[in-house]
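Hi everyone, thanks for coming. I'd like to walk you through one model today, so please have the sequence and the structure up on your screens.

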Amino acid sequence: MTVEIGETIEVREGVDRETVETVQNMGSYKYGWDTDIEMEYAPKGINEDIVRLISEKNEEPEWMTEWRLQAFRRWQTMTEPKWAMLNYPEIDYQDQYYYARPKSMQVKPKSLDEVDPKLLATYEKLGIPLKEQMILAGIEGAEGAPAEGRKVAVDAVFDSVSVGTTFKDELAKAGVIFCSISEAIREHPELVRKYLGSVVPQTDNFFATLNSAVFSDGSFVYVPPGVHCPMELSTYFRMNAENTGQFERTLIIADKGSYVSYLEGCTAPKRDVAQLHAAVVEIVVLEDAEVKYSTVQNWFPGDEEGRGGIYNFVTKRADCREARAKVMWTQVETGSAITWKYPSCILRGDESQGEFYSIAIANNYQQADTGTKMIHLGKNTRSRIVSKGISAGQAQNTYRGMVTMHPRAKNSRNYTQCDSLLIGDKCGAHTVPYIEVKNTSSRVEHEATTSKVDDDQLFYCRSRGMDEEEAVALVVNGFCREVLQALPMEFAMEAQSLVAISLEGSVG
Amino acid sequence: MADTAVLVAQVPTVEGKVRPGQAALAAHLDALDLPRGGFSRAARQDAAQRLEAMGLPGARDEYWRYTDPAPFNAARPEPLEFAADDATLFTAIDRLHLVFVDGRFDAAASDPLTAEGVEIESLAAADAGDDHWASGLYGRLEAAGQVPVKRPFAALNTLAAADGLLIRVTGQVARPVHITYRRSALDADVHLHHVVKLEEGAELTLLESGVLGARSNVVIEADLARGARLHHLSAKRAKDPKLGLGHIFARVGAEALFKSFTLSVNGAMMRNEAVIDIAGDDAVAHIAAAVLGDGNIGRFHHDDTVFVIHGAERCESRQVFKKVLKNGAEGIFQGKILVKPGAQKTDGYQISQGLLLDEGSQFLAKPELEIYADDVKCSHGSTTGALDETALFYLRSRGVPRERAIVLLVLSFLADALDEIEDTRLREDILGRLEDWLTERAGNPGKA
């Protein structure tokens with residue numbers, strides 16, 4: 001951290017500079033700045049012409065346009081679900097832009113000189129290393145340069161378009177396809193046609209159907225049989241434009257015996273007006289394959305008064321389609337004013353496994369209704385759910401989950417643990433599990449607890465010289481440890497500091 | 001009873017369209033002989049309005065997702081041939097015995113309605129007058145219990161109940177009050193509404209047993225003043241596929257104690273709803289159930305839907321629900337601990353367990369926590385599984401026959417729920433009966 005300390009701040013004796021800097025840096029959403037960049041918008045609102053326009057901008061084939069239109073027609077007959085414990089003003093779906101892209105992205109840049117420096121600066125500021133950043137901006141040839149340390153291939157999505165995907169060549173050597181979904185629709189139509197909508201159908205739910213109609217970009221991953229993906233894949237979503245909804249669609253296919261670890265990060269500028277985000281993630285896991293999907297969701301949560309923030313309505317689902325497939329969802333939900341998100345596993349193949357690890361933090365006026373579904377269909381399937389919810393300020397945090405053991409899912413197991421932590425007396429923590437057991441050889445265990453930060457633990461930390469906020473952060477980190485440990489290393493560090501930042505100002 | 005139309009207004013329509021459930025409601029009300037009501041008249045009118053607004057439940061109602069309301073919605077129950085019901089429960093205990101036949105109080109078969117520290121009247125007799133202590137409670141706790149989840153059948157009961165007991169306890173009642181239900185008609189569709197009021201420091205044990213009719217709907221409204229203690233114990237066994245709805249609406253005052261235990265054995269479709277409003281500081285409320293279901297006797301479906309609402313400080317609540325299911329039996333548990341803002345130092349616990357004795361049986365649970373106060377300790381657990389083969393093997397290796405071993409393991413599975421019965425004599429009585437029934441069903445008449 002190299003923050004200049006202003007003249008007005010008096011560094012008192014006994015207080016070191018670092019402390020002052022830390023304090024100065026604390027308190028607010030780090031990614032709340034915006035990029036002043038010339039954008040190209042589709043007209044406001046949604047109708048069949050807009051759906052066609054998005055399809056056209058992505059240079060999609062006819063079948064894709066038709067697929068979107070089917071979804072749109074269906075969406076018009078649907079009503080917004082209201083069962084979640086969320087309270088937000090009516091969303092005017094006609095008062096949104098459904099497509100926005102930087103003007104400079106109309107033609108894909110071929111060299112560093114051609115990339116809009118503002119876009120480069122945006123990714124630099126978001127903390128993506130320069131080397132990667134060059135690749136991120138879609139510079140051809142940069143892949144040849146040696147990358148430092150551990151390699152992570154990135155697909156960067158800026159509002160409605162993918163800015164670029166790194167390490168494509170190296171991944172291609174292993175046979176892995178990693179590109180934006182718009183590119184995949186053009187380049188690999190047979191794969192997209194086969195799998196798109198096969199896990200989350202167009203008709204699935206109100207938000208997923210809307211996404212099916214208007215999704216503009218997102219990531220596509222195909223790992224061929226027997227391939228252990230040589231590096232971690234990641235998508236970085238940035239919402240920048242005002243009044244613009246982001247609708248990305250991710251499709252991951254892990255063919256027989258393959259492995260891939262996928263990371264997702266998201267940020268957005270501070271705005272007074274709430275913004276809509278409705279994403280769909282579909283994962284297909286075939287025989288013996290394994291997918292790890294980790295998310296650090298850090299959309300703008302709204303300010304201390306509850307103004308602005310992202311309304312995050314996400315449908316994520318993995319289909320363990322064949323025997324011994326395995327999927328692991330890990331999520332750290334710290335951002336968004338409204339979170340409506342239930343990453344699920346369909347355990348169709350015998351002996352398939354699903355895991356869900358979640359930390360959901362809601363502070364100020366944030367509301368989170370999140371959890372998972374484990375649908376056991378195959379024999380000897382296993383699932384594990386560990387959910388940690390933390391509420392502070394005026395926030396409401398709900399775990400909503402479902403575990404179903406179908407009659408055919410003999411000898412299956414589920415273990416669920418959901419713990420809630422309350423910080424302050426104005427927030428709420430809720431647990432709404434659905435447990436459905438329809439055969440006798442399966443075993444389901446569910447445990448949930450709700451408590452506040454333990455006074456004894458706080459007192460112990462304070463007596464060791466920590467201030468109250470530090471002490472709370474430490475206790476909370478301990479509370480979340482099981483989930484933090486499930487994250488890939490890069491994310492674990494970020495998540496740990498996010499947990500502390502998100503709770504700022506909630507103590508005392 | 002010609003002016004029932006006063007109570008039930010026109011079937012309401014929204015912009016000319018009949019809302020779902022409204023047509024069924026109209027048919028259902030037509031089939032009933034609605035009492036006019038004396039002191040309860042205003043409450044019945046209010047209930048009619050509530051019911052009109054709610055309609056009967058549909059399959060899309062969140063709290064009816066696991067139980068099909070259709071048999072309860074039907075205008076009339078299917079007539080039901082029945083064998084003689086067990087009438088031996090609690091008979092060995094010195095009690096005040098009160099009998100209802102087909103939902104009507106049978107004074108001739110009952111003990112005289114006099115006991116020290118308690119006033120008891122039948123609703124049918126008391127409701128002839130306009131003024132009664134129960135007018136502040138009848139249908140009122142039920143109305144309060146309609147938020148946040150609607151309970152149309154409870155409102156229907158307030159509207160339609162022709163009889164019940166009005167019990168006011170002013171002191172310590174030495175003998176338990178035992179209500180026995182009997183049936184004579186094959187198609188009895190019974191609505192019973194009991195009001196129990198415990199004054200400050202009063203104590204009562206209320207026992208229920210027997211089968212009400214082909215279809216029954218019972219509401220108990222219990223109001224506990226400061227320091228009052230109510231022990232409620234219900235044990236019902238039906239050998240035929242009857243339909244039953246039970247509701248308890250309890251308001252628990254400061255330092256009061258409310259305990260309710262229900263034993264249900266067989267029957268067809270049963271749903272018990274409880275709304276326990278812990279309104280005073282330092283109060284305690286426990287609600288427990290042990291359920292045995294055999295799908296071979298008739299389609300067995302048993303649903304417990306429980307709301308415990310903490311609205312005061314330093315209170316304790318427990319929910320203990322155990323269900324043993326076989327031959328395609330279905331057990332449902334929907335329980336909630338709701339802690340209101342300011343209800344600090346709440347200690348809430350909930351456990352729901354299903355024991356599936358064979359393939360084809362189901363246990364579906366939705367154990368919820370909704371918490372708006374931070375200094376609380378609330379937790380819940382829910383497990384479902386088969387009998388522990390290791391335990392079974394151990395018992396058999398000690399020479400216990402398989403059938404007997406299963407009975408022992410089932411009893412030990414139910415023990416946590418049975419432990420909620422404080423009175424040891426009553427607990428022993430229930431436990432003994434339970435063991436008999438289990439042994440009988442296990443096809444091994446010779447008890448060890």
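Let's begin with residues 172-228 of chain A, whose end C-alpha atoms lie 13 Å apart, and which are 44% helix and 16% strand. Helices here are DSSP runs of H or I with at least four residues, strands are DSSP runs of E with at least two, and both are numbered from the N terminus. UniProt lists this span, in an unreviewed entry, as "domain: SUF system FeS cluster assembly SufBD N-terminal". A word on such records: UniProt positions are given in the numbering used here, feature names are shortened, and annotations may be inferred rather than shown by experiment.

Some housekeeping before I go on. This is a predicted model, where local features need pLDDT of at least 70 and side-chain atom pairs count only at pLDDT 80 or more, while totals for chains, interfaces and linings use all residues. Residues are numbered from 1 along each chain as its sequence is written, and chains are lettered from A and ligands numbered from 1 in the order in which they are written.

Staying with chain A, UniProt places "domain: SUF system FeS cluster assembly SufBD core", again from an unreviewed entry, at residues 237-479. That span of chain A is 9% helix and 54% strand, with its end C-alpha atoms 28 Å apart. In chain B, the UniProt annotation of that name, also unreviewed, covers residues 189-413. There the chain is 9% helix and 62% strand, and the end C-alpha atoms are 34 Å apart.

One residue of chain A deserves a stop: A:Leu86, in the loop between helix H3 (62-76) and strand E2 (100-102). A:Leu86 and A:Arg74 are twelve residues apart in sequence, yet 25 Å apart in space, C-alpha to C-alpha. Leaving aside neighbours within four places in sequence, A:Leu86 is in contact with A:Ile338, A:Trp340, A:Gln367 and A:Asp369. Contact means C-beta atoms, placed from the backbone, within 7 Å.

Now, where do the two chains meet? The contact takes 29 residues from chain A and 31 residues from chain B. On the chain A side, strands E22 (413-423), E23 (428-437) and E24 (443-452) each supply at least two residues. By class, that side has eleven nonpolar, eleven polar and seven charged residues. For the classes, Ala, Val, Leu, Ile, Met, Phe, Trp, Tyr, Cys and Pro count as nonpolar, Asp, Glu, Lys and Arg as charged, and the others, Gly among them, as polar. E24(A) also pairs with strand E22 (residues 377-385) of chain B, antiparallel and over seven bridges; pairing asks for at least two DSSP bridges between the strands. In that pair, A:Glu447 stands opposite B:Gly381.

On to chain B as a whole. It has ten helices and 22 strands, and its C-alpha atoms fill a box of roughly 70 × 50 × 45 Å along the principal axes. Of its 448 residues, 55% count as buried. Among contacts in chain B with a separation of 6 or more, 85% come from residues 24 or more positions apart.

Chain B is divided into domain 1 (4-386) and domain 2 (387-448), with bounds from an automatic or database domain assignment. Their C-alpha centres lie 28 Å apart, and the contact takes 24 residues from domain 1 of chain B and 19 residues from domain 2 of chain B. The largest share of the domain 1 side, five residues, comes from E16(B). That side divides into 17 nonpolar, three polar and four charged residues.

Last stop, strand E7 (residues 165-169) of chain B, where five of five residues are buried. B:Leu165, B:Ile167 and B:Val169 point one way, and B:Leu166 and B:Arg168 the other. Strand E6 (residues 118-122) of chain B runs antiparallel to E7(B) over five bridges, with B:Ile120 partnered by B:Ile167. Strand E9 (residues 189-198) of chain B runs parallel to E7(B) over four bridges, and there B:Leu166 stands opposite B:Val195. Thanks, and I'm happy to chat!

Technical notes: A residue is buried if 20 or more other C-beta atoms lie within 10 Å of its own, exposed if 12 or fewer, and partly exposed in between; C-beta atoms are placed from the backbone. Two residues are in contact if their C-beta atoms, placed from the backbone, lie within 7 Å.
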